[in-house]
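These are my notebook entries on a two-chain model, taken down while I looked up how the chains meet and how one of them is built.

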Amino acid sequence: MLLTAMILVGLVGLMATAYMKLASRQHYLTARSQMWSSEIPIAEAGIEEALTHINSGSTNFGVNGWTLSGGVYARQRNLGDGYYYATISIAQPPTLVSIGFARIPTQTNYTQRTVMVTTKNGFPNFAILAKESVDLNGGIRVDSFDSSNPLYSTFGTYDPMKARDQARVGCNSTAAKCIDVSSGKCSVAGYVATGAGGTAVGTVGDFAWIANKADKKQIQPGHQRDDLSQAISDVGVPFTGGYNTPSSGTVLGTNYTYVIGDGKYMMSSCNLSGQSMIITGRATLYVAGDFAVGTQSSIVIMPGAKLDLFVGGPTLSLGGNGVINSSGIARNFSIWGLPTLKTANYGGNAACFARIYVPQADFVYHGNTDFYGAIVANSFTIRGSVGFHYDESLGRGEPVYQIAHWEEL
Amino acid sequence: MLGAGIVLWGFASQSFAAVFNFVDLADNSKRALDHLSKEIRNAKTVMSCSATNLTLIDADDSQLVFYYSNGSKSLIKSIGGTNTTLLSGCETFHFSIFQRPAVTAPYNAFPVASATNTTKVVQIQWTCSRLLKGDVKNIEEQIAAKVVVRNQ
């Protein structure tokens with residue numbers, strides 16, 4: 001009897017121990033799962049620090065605790081029980097890798113997860129930036145305004161009474177006269193910069209300098225540099241899937257050949273002739289081939305809408321009635337030229353409010369209306385008697401490097 | 001006394017089996033969720049989505065499909081013609097997609113996405129169960145997660 005009771009008590013004790021062991025194991029697995037999940041935010045913290053570091057304005061990344069080791073800039077930082085080890089490659093634009101470590105519960109060992117981020121260059125802080133040449137012909141006046149500051153704009157748009165002399169025109173070339181502002185009444189209210197040995201000619205300086213006839217075709221002291229070496233990276237294909245194809249429709253009682261709302265859209269090519277396109281949402285339109293707006297055609301970007309236009313063909317031509325950017329804010333219409341885009345021009349009747357980034361294209365602006373925004377091109381030529389008004393908010397708000405792709409390895 | 005021992009043994013065995021099943025289900029669900037969430041985070045974009053089918057474009061521009069087979073009660077990953085079962089014993093399964101929140105939206109409030117090209121968040125919900133003692137489904141594991149598409 002006693003023996004049986006002891007066996008039963010032993011069995012019950014054994015089972016109780018087993019249950020406690022199971023409960024303990026379950027608790028351990030839950031804690032381990034939480035630790036495993038925590039490694040992503042830890043690695044993200046490393047990416048955040050690396051991204052902030054490369055955007056801090058310094059061209060030498062080997063400062064503020066970052067050291068060059070094994071061909072990368074690296075630093076480690078503790079976060080609670082874990083830590084991250086982040087690196088910045090020396091390539092341009094840099095690739096960031098961050099490894100998040102978290103300690104296994106009740107142990108001294110760590111497990112790790114790795115995140116890699118590739119970066120791309122942000123929009124440069126220039127009114128006009130070119131690789132080869134900048135040529136202003138006729139009576140072009142380049143000045144600036146700030147759409148984000150009511151002191152220097154009215155309702156976010158250019159106001160001649162509030163214009164500023166802070167336009168920056170740059171050219172990476174080292175050739176003589178690679179920036180030519182000497183034609184007619186052309187002037188740049190601001191600064192010019194060329195590559196080492198390159199020169200700029202024409203009237204450049206602050207408003208007082210430009211207004212003084214004695215200073216005509218001269219550059220104000222302190223308004224010229226010849227040490228420019230601005231990174232101008234190529235544009236990649238924005239997407240290859242998950243897109244819509246634009247179709248016709250009616251907006252506010254008007255028929256349009258293409259109505260584009262929120263999201264991604266793709267076309268093999270686009271040649272608007274006697275046709276029209278309207279943008280009603282925040283859209284990215286990728287045109288793999290040529291893009292043209294011809295006679296009696298236009299693109300309308302509604303107030304509150306935004307268009308990022310990627311062009312992959314060799315030619316971009318914006319004529320006819322041009323692009324009617326209803327908000328008057330350049331940031332709401334961006335043109336991105338892939339490396340295959342070689343020739344681009346704007347001659348539309350509508351004033352052009354845009355930021356244009358076509359690093360491999362020779363861009364000619366021959367419209368009879370003013371330009372508001374900024375442009376980056378291989379070469380830039382502007383003809384006529386129009387104003388080029390740089391929106392300072394375009395460059396100032398942009399980080400030098402932006403995330404191009406995120407991946408957990 | 002012997003009878004009491006047998007009853008105790010039977011009860012203990014059933015309890016152990018139940019706990020083992022629960023731990024095993026939780027383990028399988030965590031592994032599947034880990035795999036799925038990593039692929040969704042890394043994806044370039046969501047190409048299509050229904051309640052039981054999610055098609056992603058991955059970093060190599062390949063189509064990556066996750067689908068729920070009602071017949072086999074399984075979650076299957078399909079890429080380049082190769083199928084891998086990530087999870088079995090799924091009683092219910094549901095994918096849904098959401099947009100970026102509005103600037104003024106309260107925390108964690110994501111509007112439902114009406115099109116895949118505006119999808120920023122993918123939600124996954126499933127219920128797995130095991131049979132114990134005949135046809136009684138007394139072991140169940142429920143999972144729900146929202147995963148951000150980082151590159152969209």
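**Interface, then sheet**

I began with the contact in this predicted model, and found that 28 residues from chain A and 26 residues from chain B take part. I then looked up the area buried between chain B and chain A, which comes to about 2500 Å², with carbon and sulfur atoms giving 61% of that area.

Turning to the charged pairs, I noted 2 salt bridges across the interface of chain B and chain A, and I followed one of them to the side chains of A:E408 and B:R41, where the N to O distance is 2.9 Å. I also counted polar contacts across this interface, where 7 residue pairs qualify. On the side of chain B that touches chain A, α1 (2-42) and β1 (45-50) of chain B each supply at least two residues, and α1(B) gives the most, with 13 residues. I sorted the residues of that side into 11 nonpolar, 8 polar and 7 charged.

Next I traced the sheet of chain B, which is open, has 5 strands in the order β1-β2-β3-β4-β5 and pairs them antiparallel. I marked β1 and β5 (82-87) of chain B as the edges, since each has a single partner strand and so has one side left without a neighbour in the sheet. From one strand to the next the twist averages 20°.

Notes
Residues numbered from 1 in each chain as written. Chains lettered and ligands numbered in written order. Predicted model: local features only at pLDDT ≥ 70, side-chain atom pairs only at ≥ 80, totals over all residues. Heavy atoms only, no water. Contact = heavy atoms within 4.5 Å. Buried area = accessible area lost by both parts, 1.4 Å probe. Salt bridge = Lys/Arg side-chain N within 4 Å of Asp/Glu carboxyl O. Polar contact = N/O pair within 3.5 Å; in protein donor to acceptor, adjacent residues only side chain to side chain. Helix = DSSP H or I, 4+ residues; strand = E, 2+ residues; numbered from the N terminus. Nonpolar A, V, L, I, M, F, W, Y, C, P; charged D, E, K, R; others polar. Pairing = 2+ DSSP bridges. Axes fitted to C-alpha atoms, helices over the stretch in contact; angles between N-to-C directions.
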